Structures are given as structure tokens and as C-alpha cells.
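Me: I have just opened this entry and would like a short tour. Could you take me through it?

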Amino acid sequence: MRIGFLGVREVGWKWGAVIVGALAIGGAPAGPVRADPAAPVRMVLASTPKHTDEMREVDGGLTADRPGHQIELMREAAAQCGVAVEFRFVPWRRALLMVRNGDADGAFTSSYDPERATYGAYPMKDGKPDVSRALKDYRYSFYVSRDSSVQWDGKRLGVGGGTVVAERGASVIPQITALGLSPVEIADNATMLRMVAGKRVTAAALMTSAADAVLAEDAELALRVMRLEPPIESKFGFVMLSKAFHANHRDVAECFWNTIRDIRA
């Protein structure tokens, strides 16, 4: 596939791909930093609520007119680095497995942890993740029923134990376990919040922006569920690339991470 133009089109049933051409946004051609520009970067991302500022998904694909600011940022970064990108929505745990198994070149947004770093590459500086090149910073929060007596002081969820639901593969799960709670992993944020509203679980530990987006779309659910402060933790989310992709296309990877930093700045 030739990519010598700036544009977007759908290709292939397998990926429902979005392809970005190779001219920089300002109109000047980007440098040819990839040996094979015809092979798009296969990027996987977690399924999201239909309407968020970050990305908008309808029927398993991006909305054509307003795909969300993270998608626009990724498209612009890809264009400036002279590469094509395919996006595919999958559950987050599957996204990580696809990167691990070589079925995807990267995933976002992924916080850094040592286990993921065994198969994924992150932008690094002085031996540590370079947060200046993160795609975003974000928080995890507890959500409970509005008539619940559960309290959270930042160190202890005042229930004397209990079941907490979280997204499958979420990086917050080890912290939930460390608090003496029993995590149950489920794929869908709306389902987890409905479990909280129905008091089937003690709480949900969710990415704040994603959970708030669900509540903004469901007024009845928002009347039954509330967010506890302070956040459980704050994290940085990166575009994590597979070790194989980073080794074979290091110049593309560094260009991509650097351009994300420059655009965000």
C-alpha cells in the first residue's frame, strides 16, 4: 500500500483499520524513517464508552467525524513520522496478549510495570520511563453505591475486606490486592458500575475518566453510584510497542514517542 498522502480510510475486516498517510500536518513531507512504509503499525486499544474526549467507539470502530483527541494525536504523530497506523479495539487483557504474542505492534495506553516491560518497549530516560513522552496521565478511583457506608482515606477502604471489580488486566489490580481486597476482573466498565449500584460488590476500581464517561451517559446510574476521593493512584499511560517492533524499527519508535511529546507540549 502506498501512503504518500494525508488521509484516512477503512481497510480489512480483521483490523477495521484506520490508515494515516505519510505527509506531515504542516504540508511538508516527513522524513522516510521506516524501511517498509507499506506495512502499517498494528495498534490495539481497549474498548471504551461510546462518547469520551479521548476516543469514540461505535460498533467496534472509530467514529468518522470525531474520533477523540488521543486518536487525532496518534494520527498526527504517525503522519509526521511517515508511517501508517491501524487501530483495533479489543478488551485490554487481549490487547496485552496480542503485543506479547506478536499479533500487534503496540498498545495504548499502557502504564509501565516490570512484567509488561518483559515484552513491551517504553520510552525511557536514564533507565526509567520518560513521562514527558507519555500519551496521557490518568487516575484510578473507587466507585461505590451512594447509600453505602464505605469510606476511603487513601490508605484503607473501610469495609474490613470485600470484593472489588476492576478491568481485566488493569495495572491497579496489584494495589487492590495489597489493600487486602479481593479483585474480580470484568471487561466492561458499565457492567461493573451496575454491579456497584446493585450492591453485588463492595466497590469498583476504575480509570476515572472512563468511569465518569459512563456515568455522564447514564443519568439513572449516576444517581446510584459515586466516586470516592482521593484517587487510588495516579499513573502515566504510554504507547507501548512490542520488543520486536522496537528492535526492528527503533527510529520509528523514537520518532513516534518524541512527536507525541512535542504535540502534547
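Predicted model: local features only at pLDDT ≥ 70, side-chain atom pairs only at ≥ 80, totals over all residues.

Me: How many helices and strands does the protein have?

Reply: There are 8 helices and 16 strands.

Me: And what does the accessible surface come to?

Reply: The accessible surface of the protein is about 12,500 Å², and carbon and sulfur atoms contribute 50% of that area.

Me: What about contacts between residues at least 6 apart in sequence?

Reply: Of those contacts, 69% link residues that are at least 24 apart.

Me: Let us turn to threonine 163. Where is it found?

Reply: Threonine 163 belongs to strand E12, which covers residues 163-167.

Me: Is threonine 163 buried, partly exposed or exposed, and why?

Reply: Its relative accessibility is 29%, so threonine 163 counts as partly exposed; buried would require under 20%, and exposed over 50%.

Me: Which residues is it in contact with, beyond its neighbours within four places in sequence?

Reply: Threonine 163 touches Ser182, Val184, Val201, Thr202 and Ala203. Threonine 202 lies 39 residues away along the chain, yet the two C-alpha atoms are separated by 5.4 Å.

Me: New topic: at what angle do helices H4 and H5 pack?

Reply: Helix H4 (residues 189-197) and helix H5 (residues 208-217) meet at about 75°, with axes 10 Å apart. H4 is therefore roughly perpendicular to H5.

Me: Which residues make that contact?

Reply: H4 supplies Asn189, Ala190 and Leu193, while H5 supplies Ala210, Ala211, Val214 and Leu215. By type, the contact comprises 6 nonpolar residues, 1 polar and no charged.

Conventions. Residues numbered from 1 in each chain as written. Heavy atoms only, no water. Helix = DSSP H or I, 4+ residues; strand = E, 2+ residues; numbered from the N terminus. Buried < 20%, exposed > 50% of the residue type's maximum accessible area, 1.4 Å probe, protein only. Contact = heavy atoms within 4.5 Å. Areas by Shrake-Rupley, 256 points an atom, 1.4 Å probe, with all protein chains shown as cover. Axes fitted to C-alpha atoms, helices over the stretch in contact; angles between N-to-C directions. Parallel < 35°, antiparallel > 145°, perpendicular 65-115°, else oblique. Nonpolar A, V, L, I, M, F, W, Y, C, P; charged D, E, K, R; others polar.
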